[in-house]
Amino acid sequence: MSATTRSRTPDRLCAEAVDLARAAAEEAAAPGVVGEHAGTVGEGDRVVTHFFECKEMGYRGWRWAVTVARASRAKVVTLDETVLLPGPDALQAPEWVPWSERLRPGDMGPGDLLPTDAEDLRLEAGFSGEDEPAPNSPISEEMAELVEAEDAEVTAGTPAALPAVPTRGSIASVAEELGMRRARVLSRYGLHVAADRWEESYGPKTAMAQAAPATCLSCGFLNPIGGSLGQAFGVCANEFSPADGRVVSLSYGCGGHSEAAVMPKPARPAPPVIDETRVDPFPLRPSPDSGSVSVGPDEPSSEFGHS
């Protein structure tokens, strides 16, 4: 029989040592925290673990586990260990997640620093300043061969770390002149991720764009951007638009479109005309035929039943 094989039936003496296990749990815990006995589990030959409910706030479902044991042919049960363990329905903290995966857009505040991983898929090598130019570098292989043939100076390290402008004739100086001194630039994956994010927030499928009179492509408030993203996105410059200062899709739209139909103004009544050269006569007494009641003699009142 293997030494690691556990006995299915708990040892009787160890199982009856409830008071010993409770005393050990109360000694390890705060007063009044150890609750009712919640059962026993046989851990092996003459080894039994007693479980007690934990009444401490914040540890719902946890149990005090006290393991007792006795030596072979001995009648005295001794204490092995005491520990607080989560039960099947215990309230536990979520699994730890690295900070780089916990961050969400908008979490950064003033003074916060977010270092970028060296293997970030959103970035790729731009001009690195090394002897071997990056695969997507604008410097061609012929240019690199020319630099090597001319024995030009190649500065070690990234251009961003250089204390001064590189000397003329080096690859770094060419990158400086072309305005490409960044060590890393957006990769195609980084461009696609950013485009998907902007498309979801300010794209044609949003409720605002669905109710817009026209798209941003024909709006005068759209400020174009350069690069490959300029073919699908721009920056909104309408202060009354919900996307003011945001990168919006050219298929996005809102009610602040520059060419939206102008609401017609309500009609205004014509000003009154006063003619001071004309006189309108008004008689002092009404004409006999001007009213609805005749001014002739009254008819006999007997017809109406009056005396």
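A cavity, as the word is used here, is a set of grid points where a 1.4 Å probe fits but cannot get out. In this predicted model, a search of the whole structure finds one such cavity of 30 Å³ or more.

**The chain as a whole**

The protein chain contains seven helices and nine strands, and of its 307 residues 24% count as buried. Among contacts between residues at least 6 apart in sequence, 51% join residues at least 24 apart. The mean pLDDT of the chain is 76, and 67% of the residues reach 70 or more. Over residues 1-5 the pLDDT is below 50, and this stretch has zero contacts in the model beyond near neighbours in sequence. Residues 129-140 also have a pLDDT below 50, but that stretch has 17 contacts beyond near neighbours in sequence.

**The cavity**

The largest cavity holds about 80 Å³ of space, and its lining is made up of Cys216, Cys219, Phe221, Leu222, Cys236, Asn238, Gly253, Cys254, Gly256 and His257. Sorted by class, this lining has six nonpolar and four polar residues, with no charged residues.

In soluble globular proteins, nonpolar side chains tend to be buried together. The largest nonpolar core in this model has 17 residues, of which Ala25, Val34, Phe52, Trp64, Val66 and Val68 touch the most other members. At least two residues of this core come from each of helix H2 (18-28), strand S2 (47-54) and strand S3 (62-69), and S3 gives the most, with four residues. A second, separate core has nine residues, including Ala209, Cys236, Ala243 and Tyr252.

**Residues in loops**

| Residue | Loop | Relative accessible area |
|---|---|---|
| Ser187 | between S6 (184-186) and H6 (188-201) | 6% |
| Tyr202 | between H6 and H7 (207-210) | 18% |
| Arg46 | between S1 (34-44) and S2 | 29% |
| Arg73 | between S3 and S4 (78-86) | 84% |

Ser187 is buried, and, not counting residues up to four places away in sequence, this serine touches Leu121, Arg122, Leu123 and Glu124. Tyr202 counts as buried because its relative accessible area of 18% is under the 20% cut-off. Leaving out residues up to four places away in sequence, Tyr202 touches Pro242, Ala243, Arg246, Val247, Val248, Ser249 and Tyr252, and among these partners Ala243 and Tyr252 belong to the second core. The C-alpha atoms of Tyr202 and Phe233, which are 31 residues apart along the chain, are separated by 9.7 Å.

The two arginines in the table call for a remark on backbone angles. Most residues other than glycine have a negative phi. Arg46, although not a glycine, has a positive phi of about 60°, and Arg73 likewise has a positive phi, near 65°. Arg46 counts as partly exposed at 29% relative accessibility, whereas Arg73 is exposed, with a relative accessible area of 84%. Arg46 is found in the loop between strand S1 and S2, while Arg73 lies in the loop between S3 and strand S4.

Key
Residues numbered from 1 in each chain as written. Heavy atoms only, no water. pLDDT = per-residue confidence, 0-100. Contact = heavy atoms within 4.5 Å. 1 Å grid on protein atoms, 1.4 Å probe; cavity = no way out; pocket = protein on both sides within 12 Å on 5 of 7 lines; lining within 4 Å. Points joined across faces, edges and corners; volume = space filled by probe spheres on them. Nonpolar A, V, L, I, M, F, W, Y, C, P; charged D, E, K, R; others polar. Core = buried A, V, L, I, M, F, W, Y, C linked by side-chain atoms within 4.5 Å. Buried < 20%, exposed > 50% of the residue type's maximum accessible area, 1.4 Å probe, protein only.
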